[in-house]
Amino acid sequence: MNVLIKAAKIVDASNKELHLKKRDIFIKNGIIEAIAIKIEATEDTQVIQLKNLHVSLGWFDCSVSFGEPGHEERETIENGLYTAGKSGFTDVVLNPNTNPIPDSNSNIVFLKSASQKQTTNLYPLGALTVKSEGEILAELFDMKNAGAVAFSDFKNPISNSNLLKIALQYAQGFNGLVYSFPLDKQIAGKGVVNEEEVATKLGLKGIPSLAEDLQITRDLHILEYTGGKLHIPTISTASAVKLIAEAKKKGLDVSCSVALHNLYFTDAVLEEFDTNYKVLPPLRTKKDTKALIKGLKDGIIDFITTDHTPLDTEEKILEFDNAAYGTIGLESAFGILNQIFDLEQTISLLTKGRERYGIQSPKLVIGEKANLTLFNPDEKYTFTKKQCLSTSKNSAYLNQEHKGVVYGIINKGNVLT
C-alpha cells in the first residue's frame with residue numbers, strides 16, 4: 001500500500017533539516033521512501049491532505065489500562081488500541097490489572113497475540129509478584145522472554161522492603177525494569193483525596209504527601225544499595241520531584257512519570273464531588289502542579305502518561321469514598337498538554353520514553369518504517385462524550401476546552417484516520 005502525505009509541517013526537533021518544514025512524505029509498504037517539497041501521487045496511492053496538517057514521530061504512552069481479559073465491559077484490547085490510535089498513539093504500555101493478573105509467560109503471550117492485528121503496538125507489563133499480592137516474585141525472566149517490557153503491581157505498593165530489594169537484584173541479570181508505586185499504605189490509611197484544606201472542607205479523608213515521599217525515599221535507598229533499574233510511576237508531589245532529582249545527581253538508575261491529570265487539575269475541582277476526579281495518586285495543590293510541570297521541563301521527570309483507566313459506570317456512580325480510582329485520558333492527551341506546554345515541548349513529551357522499556361524509537365528519515373502521528377495543533381473544541389471513543393466514559397476532562405485535534409496515525413503499514 002502506498003501513502004502520500006501532502007504539505008504536512010514536520011515537528012521533529014531531533015531532525016534539524018526537516019523540523020518545522022512543510023513537506024510531502026511518500027510511504028511505500030510501510031517504509032518512508034521519499035520526503036520532498038512536492039511529490040506527485042500515482043493512481044495506486046492513498047493521498048492524505050488535511051487542514052493545517054502537522055506530522056511527528058508516533059506518540060508513546062507508558063501507562064494505559066484496558067480490561068481484557070476479565071473486564072471486557074470496561075474495554076477490549078481491540079477498541080482500546082483503536083482509541084489509542086485515533087488519539088495519536090502508535091505505541092502503548094499496558095498495565096497488569098486484568099483478570100487474571102499477567103504473572104506468567106502465557107499471560108504475556110496472550111496479550112501480545114490479541115494485539116497483533118491492530119495499528120497501535122501494545123507492550124505489556126508483567127506483574128512483579130504473583131497475583132500482584134506483594135508476597136512472591138512472579139516469573140520475571142520468563143515474562144521478559146515472552147515480551148514483557150517491565151514489571152509492576154500497578155497501583156499496589158510494595159510494602160515488603162526486602163521483596164523490592166530482591167526484585168532489583170534479580171532483575172539485573174536480564175536488564176529488567178522494576179516498578180514501585182509511590183504510596184505508603186499505612187500513612188495513607190483510608191484517605192481518598194489529598195490531605196489539605198479542600199479535604200477538610202469537604203469532610204473527606206486525606207492522603208498526605210508524606211505517604212508518597214516516604215515510599216520514594218525508601219525505594220531510592222534500596223536502589224542505592226542494590227543497583228538495578230527502578231521506575232516510579234505517576235509521582236504527584238513537589239517533594240517527590242526533589243527526591244528524584246537528588247537521586248539522579250547521585251547517578252542512580254531511576255526514572256519516573258507523571259499523570260496528565262496531576263498536571264492539569266488541582267484538588268480544588270473536588271468541590272464538585274465528581275468521582276471522575278477520584279484518582280490515585282490524588283489531585284494535589286497548585287504548588288505541586290507547578291513543581292511537576294517544572295520537573296518535566298528540567299528533565300527530572302522522564303515522561304508523561306495519560307494513566308488511562310476505563311471503569312464501569314457502576315464503579316464511579318457511588319459515594320466518593322466508595323468510588324473506584326481512575327480516569328480515561330487517551331482522547332484528551334494532546335488537547336490538554338498542548339495548553340500546558342508549547343507545541344515543540346508537547347510533541348517532545350509525547351514521543352519520549354521508549355528507550356527505557358527497550359523499545360526502539362522511530363525516526364522520520366528515508367528508509368525507516370513509518371511510525372507517524374497526524375494532527376492539527378490549533379483547532380479548539382470542548383471535549384464531550386461524543387469525542388469519547390473508549391467504551392467507558394469516566395473522563396475527568398469532560399466539558400474541558402481542548403486545543404488541537406488528532407487526525408490519526410500511520411504504523412505497521414496501516415493508516416488509521
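Predicted model: local features only at pLDDT ≥ 70, side-chain atom pairs only at ≥ 80, totals over all residues.
Which residues line the second largest cavity?

1. **Strand S6.** Start with S6, residues 59-64. Six of its six residues are buried, so the strand is largely enclosed by the rest of the structure. Buried here means under 20% relative accessible area.

2. **Its partner.** S6 pairs with strand S7, residues 89-94. The pairing is parallel and runs over four bridges. Val64 has Leu94 in S7 as its bridge partner. Phe60 stands opposite Asp91 in S7.

3. Follow the chain from S6 and you pass through helix H1, residues 77-86, before you reach S7. This is a β-α-β crossover, and it is right-handed.

4. S6 and S7 belong to an open sheet of three strands. The order is S6-S7-S8, with parallel pairing. Which strands are at the edges? They are S6 and strand S8 (121-124), and each pairs on one side only. Neighbouring strands of the sheet are turned by 20° against each other on average, direction ignored. As background, strands of a sheet pair through backbone hydrogen bonds, either parallel or antiparallel.

5. **Empty space.** Rolling a probe the size of a water molecule over the atoms shows where empty space is left. How many cavities of 30 Å³ or more are there? The count comes to five.

6. **The largest cavity.** Its volume is about 80 Å³. The lining has 13 residues, and the closest to the cavity centre are Ser63, Asn95, Phe154, Tyr179 and Pro233. By class, the lining of the largest cavity has five nonpolar, six polar and two charged residues.

7. Now for the opening question. The lining residues are Phe60, Asp61, Phe89, Leu260, Ile304, Thr305, Thr306, Ala333, Leu337 and Leu350. By class, they divide into seven nonpolar, two polar and one charged.

8. **Where that lining comes from.** Which elements each supply at least two residues of the lining of the second largest cavity? They are S6, strand S14 (303-305) and helix H12 (333-340). Look again at Phe60. This residue lines the second largest cavity, and it also stands opposite Asp91 in S7.

Key
Residues numbered from 1 in each chain as written. Heavy atoms only, no water. Buried < 20%, exposed > 50% of the residue type's maximum accessible area, 1.4 Å probe, protein only. Pairing = 2+ DSSP bridges. Right-handed = clockwise from strand over helix to strand, strands pointing away. Axes fitted to C-alpha atoms, helices over the stretch in contact; angles between N-to-C directions. 1 Å grid on protein atoms, 1.4 Å probe; cavity = no way out; pocket = protein on both sides within 12 Å on 5 of 7 lines; lining within 4 Å. Points joined across faces, edges and corners; volume = space filled by probe spheres on them. Nonpolar A, V, L, I, M, F, W, Y, C, P; charged D, E, K, R; others polar.
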